[in-house]
Protein chains: 4
Amino acid sequence: MTKLELQKKKTRDREATRQKLLHAAVKVFATQGYEGATTRAIADEAGVAEALIQRYFNGKQGLLNASLKDFADFEKLSCSNLPPPVPTLDAEWKSLLLSAVENCAHNKQNLNVAMSQATFDRNFGRSMAKFLESNRAPALAERLKKHVADGSLPANTDLEALSHGLALTMLGIGYLGQVVMKLDPKMIQRIVTALSKAYSSK
Amino acid sequence: MTKLELQKKKTRDREATRQKLLHAAVKVFATQGYEGATTRAIADEAGVAEALIQRYFNGKQGLLNASLKDFADFEKLSCSNLPPPVPTLDAEWKSLLLSAVENCAHNKQNLNVAMSQATFDRNFGRSMAKFLESNRAPALAERLKKHVADGSLPANTDLEALSHGLALTMLGIGYLGQVVMKLDPKMIQRIVTALSKAYSSK
Amino acid sequence: MTKLELQKKKTRDREATRQKLLHAAVKVFATQGYEGATTRAIADEAGVAEALIQRYFNGKQGLLNASLKDFADFEKLSCSNLPPPVPTLDAEWKSLLLSAVENCAHNKQNLNVAMSQATFDRNFGRSMAKFLESNRAPALAERLKKHVADGSLPANTDLEALSHGLALTMLGIGYLGQVVMKLDPKMIQRIVTALSKAYSSK
Amino acid sequence: MTKLELQKKKTRDREATRQKLLHAAVKVFATQGYEGATTRAIADEAGVAEALIQRYFNGKQGLLNASLKDFADFEKLSCSNLPPPVPTLDAEWKSLLLSAVENCAHNKQNLNVAMSQATFDRNFGRSMAKFLESNRAPALAERLKKHVADGSLPANTDLEALSHGLALTMLGIGYLGQVVMKLDPKMIQRIVTALSKAYSSK
DNA sequence: CATGAATGAGAGTTCATTCAT
DNA sequence: GATGAATGAACTCTCATTCAT
């Protein structure tokens, strides 16, 4: 057994315990909501003592903040990890929608926590908007630029608005359709295809 | 005042109190969430005694159910109240998106309550999906049909999927963009315009 | 049964419940100290639900404040209820010490609460001093004045200081000796007599 | 360094740590009270790990016992360290009161801990009384004896009671007046002088 | 031996609900 | 029928103590 493995087996490992709590928190917040979640349930899920929530996160609210931070980090990452560019507009549109579907599925717990927070906390809603405006939309606009250049989109296209619209469509399908309403995955695929095709219709 | 009139007045008062509570509940549930809302806050908002929640709605949960019923009724109504048809596809698209923006703005409290419920209650999420599939999407498909007929949309268009996609886009912009993220109304307009245009680009 | 008696028997009587809690609190604070007392113990002692402490006193701290207010009221009263004046200095001294012993015995729970609070809360200690300076000592000085006039006390007696000293002696015997150390009542009497005599010795 | 020296050093360190904890405990108990003090606060004040309280004192209660022992030792010492005798009764009285003021000021933390303990622990209150009766009062009586002999005090003076009264007066001024109420030091001096003079008035 | 991670019991408080008036 | 006093369960958080390292 290597030293690293031994390290991993320690029963008193600050960071490991912190992570156990954080993951449990995201899971419980995602399914019960912040107010509906109890610290007891989170601690049980993590398999550690409830008191450690105070020790490591300064209470339930701190645990929520840490969860939201997690989400923000993931979102930032997903902006720089867009799928590779493709030549035609409808293929691009499809590829981006599909990656959103993928991302939302993968990150659905964090999404639930964040969206719920955005719903009930004015400030968080606004900071989510800011992120959309400063990060997500610009990254998408960058992708769509060349389709204006090659004439697939009109020269006077409002790229900023279009990329916002695309981002919201991504969330509409990936989050509302897939995560919240739990639409059949096949239907999700058909929706993505249908929308993409509609964009290339003459 | 006759005995009958007295009876009627009483009934009216009962109903008035019930409505006061229901409206207060929607407001408080919408801003605090179900778990975050207290029966005390709701009663205060309604200006009546807390105990009446038990009497009239059989408790907090009953009040939520009544609130959700309210939302469902509104949604059903909005399906039969779509804006008048317009000849071109992009105008149709724009008109539908705009009506969604309008609807969501008018109904944002109920939307918050319902979306939050859908997030944390598997069954409610599914019933929302069912409504989308059985009511909303068919109503939209009906609208798009003629644009297939006139060639604006390809003959092999998956109308069912496209109308689902449109419905989710409407929610993405009207609810997530407008209500949750509180995007600037001007930006919302630009988004609607940009998306609509993109769908008619050659 | 008179209406008043019926009133007293009400099982839901705001003021009566408040008083039950307040008395229980003084008793428990007096025997366990503020920190040592639990709201559960106080509620049990009062025979009512713990939650009423929040309702009526805004929490444990509020209950303490109410208890201290009780004490302050009693103290104010006791200043205006000094024993009747007597002609000789040693009789006066004895009478005042005896009344202090009596008062402290009667009010020992409140005294415990207040003294403990004074010990650990700088501000309360100071406000107790202020009370001594502004109320208690002046009241005693008033009593001693005539003994300066009749020559029992020297003309240049520092009456302000002497009355402070008397007040502290009263507390030393009545509170520390009697309440805290629980000296034998007979010994308390002997102490009072001995001290009084010493003041008239030639 | 020899093994023996190492051993000695270790012992010194052990003892030093114990003392650090003990002093920290007295300080924290004195300002927060026993129940209000947390082992964490004490350990922080001492600059050592919380767990050492268990090791060295067998828990928080043991730390309190050790603190009280400290106080008892000091008290015993102070009985044999009375100020030098003086010829006149009023000078004696003043000298003893002044020494009490001095002692209380020096020992105020221990006094706070002990008095608080006496207030809430019947047994400790009684053992304080026992100490008063067996040590403090006899020591004072010894001092006052000669003033009976020289006629400053009546022949039939109840010396035992008078010395008890003096001891309580000393605490009344030195502890209650000075430590608890934090009376102005100048006022304390005036009180001592006024009381002493009152004892020599004809 | 000292550390600090971990624990469990219990603290004060909140809240939906019940019930006497 | 409406009120608000009363309740008990459950919540978050604190703290003395235990124990692996």
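**Close-up 1. The start of helix α2 in chain C of the predicted model**. A side-chain oxygen of D13(C) comes to within 3.1 Å of the backbone nitrogen of E15(C), at the start of α2(C). Just after α2(C), G33(C) has a positive phi of about 85 degrees.

**Close-up 2. The length and buried residues of α2(C)**. Helix α2 of chain C has 19 residues (residues 14-32), which at 1.5 Å a residue should span 27 Å; the end C-alpha atoms are 27 Å apart, so the two values agree. Among the buried residues of α2(C) are L21(C), L22(C), A25(C), V28(C) and F29(C). An α-helix has 3.6 residues a turn, so residues three or four places apart point the same way. The cover over the buried residues of α2(C) includes α3 (39-46), α4 (51-57), α5 (60-80) and α7 (108-120) of chain C, and also α6 (108-120) of chain D.

**Close-up 3. Chains C and D superposed**. Chain D is superposed on chain C by a rotation of 180 degrees with 0.0 Å of shift along its axis, with an RMSD of 0.1 Å. The two copies are thus related as by a two-fold rotation axis. The copies meet through the same surface, because 100% of the interface residues of chain D are also interface residues in chain C.

**Close-up 4. The interface between chain A and chain B**. Here 54 residues of chain A contact 54 residues of chain B. About 4600 Å² is buried between chain A and chain B, and carbon and sulfur atoms give 67% of this area. In chain A, F120(A), L168(A) and M181(A) lose the most area to chain B, together 15% of what that side buries.

**Close-up 5. A salt bridge between E160(A) and R190(B)**. The N to O distance in this salt bridge is 2.8 Å. Four salt bridges are counted between chain A and chain B. On the side of chain A that touches chain B, α9(A) gives the most, with 14 residues.

Definitions and conventions:
Residues are numbered from 1 along each chain as its sequence is written. Chains are lettered from A and ligands numbered from 1 in the order in which they are written. This is a predicted model: local features need pLDDT of at least 70, side-chain atom pairs count only at pLDDT 80 or more; totals for chains, interfaces and linings use all residues. Side-chain values use heavy atoms; hydrogens and water are left out. Copies are superposed by least squares on the C-alpha atoms of residues with pLDDT of at least 70 in both. Contact means heavy atoms within 4.5 Å. Helices (H or I, at least four residues) and strands (E, at least two) are DSSP runs, numbered from the N terminus. The expected span of a helix is 1.5 Å times one less than its number of residues. Buried means under 20% relative accessible area, exposed over 50%, partly exposed in between (1.4 Å probe, protein chains only). A polar contact is a pair of N or O atoms within 3.5 Å; within protein, one must be able to donate a hydrogen and the other to accept it, and residues adjacent in sequence count only if both atoms are side-chain atoms. Buried area is the accessible area (1.4 Å probe) that two parts lose on being put together, summed over both. A salt bridge is a side-chain nitrogen of Lys or Arg within 4 Å of a carboxyl oxygen of Asp or Glu.
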